[in-house]
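The sequence and the structure come first.

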Amino acid sequence: MLAAFFLAALLPVFEDATAASGVAFRHEKSGTSRKYLIESVSGGVGMIDYDGDGLLDLYFVNGAELKDPMKAGQMPGKTQPKYWNRLYRNRGSFRFEDVTEVAGVRGHGYGMGVAVGDYDGDGRPDLYVTGAGANILYRNRGNGTFEDVTGKAGVTGGGWSTSAAWVDYDSDGRLDLIVARYVKWDFEPDIWCGSRQQGYRSYCHPDQFQPVTHLVYRNRGDGTFEDATKKSGWGEAAGKGLGIAIGDFDRDARIDVVIANDSFPQQLFHNQGGGVFREIGLEAGIAYDDDGHTFGGMGVDFADYDNDLWPDIFINALAMQRYALFRNLKGRFEYASSNTGVGRITKLRSGWGAKFVDYDNDGSRDLFVAQGHVMDNIQLTQPSLQYLEPPLLMRNVGGKFEDVSAVSGTVFGKKFGARGAAFGDLDNDGWVDVVMNCNDGAAVVLKNRGNGNHWLAVDTSGAIGAQVRVVTEDGAEQQAMVSSSGSYLSSGDARVYFGLGAARQAKLLEVRWPSGAVTKLENVAGDRIVRVSRRDFDSR
C-alpha cells in the first residue's frame, strides 16, 4: 500500500482536459444494420502546426453518411456538418478553436487516417487524408487555408487506404508517401457474419476478404508523384494493413517501414537502397507471435525502448491475443511480450493508437495504448470481454513494463471505443500529451501534468528520417528518429523528446541528417526545445 502511494506521488498524471479545451469533435460512424466493416475501424487524428505559431493544432478524421443498404462502388458523402473532418487551431493555454470552414479541410467520403509532412519543401506542413475509395492531399497555402491538390499531385489512391507515412525512402531530399491499405472490400456482396439472432450480426473477420498491395508514391519534386508501388518492390507483398511506422532497424542509414496487418503476417519492408524494398517480416522475426500465430495488428510503433540504440517494434492486437513487443537484437527481432510483462498485462485488451513515449521523462520509453474492442456487441458472444475499454499506460522499469494506469489519472477509469491516438507536446512544457479519436464517440484530450524530471526536445523543422542521439553526463544514451507516423491512422509531433531524469543538461546532442551530414552540440541545457538546422551549424 505504501509503495503504491509513493509511486503515485512520483509519477505524472494525465488530466482529461477535453471539456475545457474547446475541442468538441465527435466521430460519426453512421452505423447500419448491415454491419459494414468500415464502420468499425475509423478514425485518426493528426497534430500539425499549420499556421506556424509554434503550437500544435489538431485535425480529426470523420466518417460519412451510410445508407442502409449501400450499393457496390457507392461513395458515402459528408452530407451534414456532423460528418466533416475538423481542424482545431491551438490558441495556447490548452484552448482550441474550430477553423475547419475557413481552412477548407472538411474532407469528403468516408475518412480513415491522416499523415502530416511538408511534401513540397516550402516550410509549411501539409495534410494527407486517407479513406475508403479515395484520399486527399491538402497543400498548406500558408495563409490559414489549404488547397486540395490530390488530382494534380496524382495521389488519389483507390481501394481502402488506412494509415500513411511521409518518408524520403530514396534519399533524394524530398518526402515520398507510403500508404497502407486494408483489404479488397466493397458494400456488395453483403456478407452476413455472426449469428442470425436479433442483435448478433457482427463485423466480418478480415479472413473473409483478400489482401491488397500498399501504395508507394515517389515525389518528383515538381508537385507531382509517381506511382512507384511496383518498381519499389512493394507490389510483390500484399497485406491487410492498418498501421504504419518508420525506422532504421539494421542501422544501415536507410529508412525501413513496418506495417501492422490485421490477422495476417506482420510486414517489415527492408530498404535496399536505390528506391527498392524487400519484405522480410518472416526472416526478421516479426511476422508472427511466439506461438507462430497471426494476430490482429492495428496500432504500431518503431522505437528504441531499451536504450541499446537499436529500434524495437510494438504492434497491438485484439483481446485474447496479447500485444506484440519485438525486441531488436542487432537487426533481428525476438518476441519479448512474455518476458517483459506486456503479454500478461494485455491478454484481455484490444489496442489501436499506441506509442513508445517517455511520459515521465525518466529516460526510458513507456507504452500508451488507446483501447476498445472492434465488435460493438462483443459481450453477447464473449461475456468476459467489453467493447468500451479504458486506455492503458505501461511504465518501462529497466526494460520490463508495469501497468500504472490506476495511478495515472481518472481518465484511466473511463471507457472508450478509441481508435486513432496522436502524441505530442500541445503546450510546449516538455511533457507529451495525448489526443484520442473515438469511434462513434467524443474525442479525448489528455494533458500530461508532469513531475520533477528534466527533459530536452529537439525540433529539426520536420526533417523526417533524421536520427537524433542524446548522451547524458553519466554516459547513458538515447536515440530516436524524426517521424510523424506510427500509432494508428494518426500523425504526431515530429519533434523528438528525451527524458533526462535528474540531469539538467545533455553532454552531447547529435543529429544525423538524412543526407549523412552530422550536427553536434555539447553541454546542451535541458528543460527547453532546441531548434536545430543544418544551415545553422557546421556539418561535422
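## Cavities

A cavity is a set of grid points where a 1.4 Å probe fits but cannot get out. The model is predicted, and its structure holds three cavities of 30 Å³ or more.

The largest cavity has a volume of about 610 Å³. It is lined by 44 residues, and those closest to its centre are A303, K355, F356, A480 and M481. By class, this lining divides into 21 nonpolar, 13 polar and 10 charged residues. Several strands supply at least two lining residues each: strand 14 (241–247), strand 18, strand 22 (351–357), strand 26 (418–424), strand 31 (477–481) and strand 32 (496–501).

The second largest cavity holds about 100 Å³ of space. Of the 13 residues in its lining, Y36, W185, D190, I191 and F209 are the closest to the centre. Eight of the lining residues are nonpolar and five are charged, with no polar residue present.

The volume of the largest pocket is about 1,400 Å³. Its lining is made up of 46 residues, of which D118, T460, S461, G462 and A463 lie nearest the centre. Strand 2 (45–48) and strand 6 (110–117) are the elements that give two or more residues to this lining. The class counts for the largest pocket are 14 nonpolar, 17 polar and 15 charged.

The second largest pocket has a volume of about 450 Å³. Its lining comprises 23 residues, and D248, A253, Q467, Q479 and R512 are the closest to its centre. Two or more lining residues come from each of strand 30 (467–471), strand 31 and strand 33 (505–512). Strand 30 gives the most, with three residues. This lining has nine nonpolar, seven polar and seven charged residues.

Four bridges link strand 18 to strand 19 (residues 312–315) in the antiparallel sense. Within this part of the model, A303 stands opposite D312 of strand 19.

Strand 16 (residues 267–273) is mostly covered, with five of its seven residues buried. Three bridges join strand 16 to strand 15 (residues 256–261), and the two run antiparallel. In this pairing, V258 has L268 of strand 16 as its bridge partner. The hairpin of strand 15 and strand 16 has five residues between the strands, and S263 takes a positive phi near 55° there.

Strand 16 is also joined to strand 17 (residues 276–279), here by four antiparallel bridges. F269 stands opposite E279 in strand 17. The hairpin of strand 16 and strand 17 has two residues between the strands, and G274 in this hairpin takes a positive phi near 70°.

Is S337 buried or exposed? Buried means under 20% relative accessible area, and S337 has a relative accessibility of 0%, so this residue counts as buried.

S337 lies in helix 6 (residues 337–340). Leaving aside neighbours within four places in sequence, its contacts are Y323, A324, L325, V342 and G343. S337 and R322 are 15 residues apart in sequence, and their C-alpha atoms are 7.8 Å apart in space.

How values were computed. Residues numbered from 1 in each chain as written. Predicted model: local features only at pLDDT ≥ 70, side-chain atom pairs only at ≥ 80, totals over all residues. Heavy atoms only, no water. Pairing = 2+ DSSP bridges. Buried < 20%, exposed > 50% of the residue type's maximum accessible area, 1.4 Å probe, protein only. Contact = heavy atoms within 4.5 Å. 1 Å grid on protein atoms, 1.4 Å probe; cavity = no way out; pocket = protein on both sides within 12 Å on 5 of 7 lines; lining within 4 Å. Points joined across faces, edges and corners; volume = space filled by probe spheres on them. Nonpolar A, V, L, I, M, F, W, Y, C, P; charged D, E, K, R; others polar.
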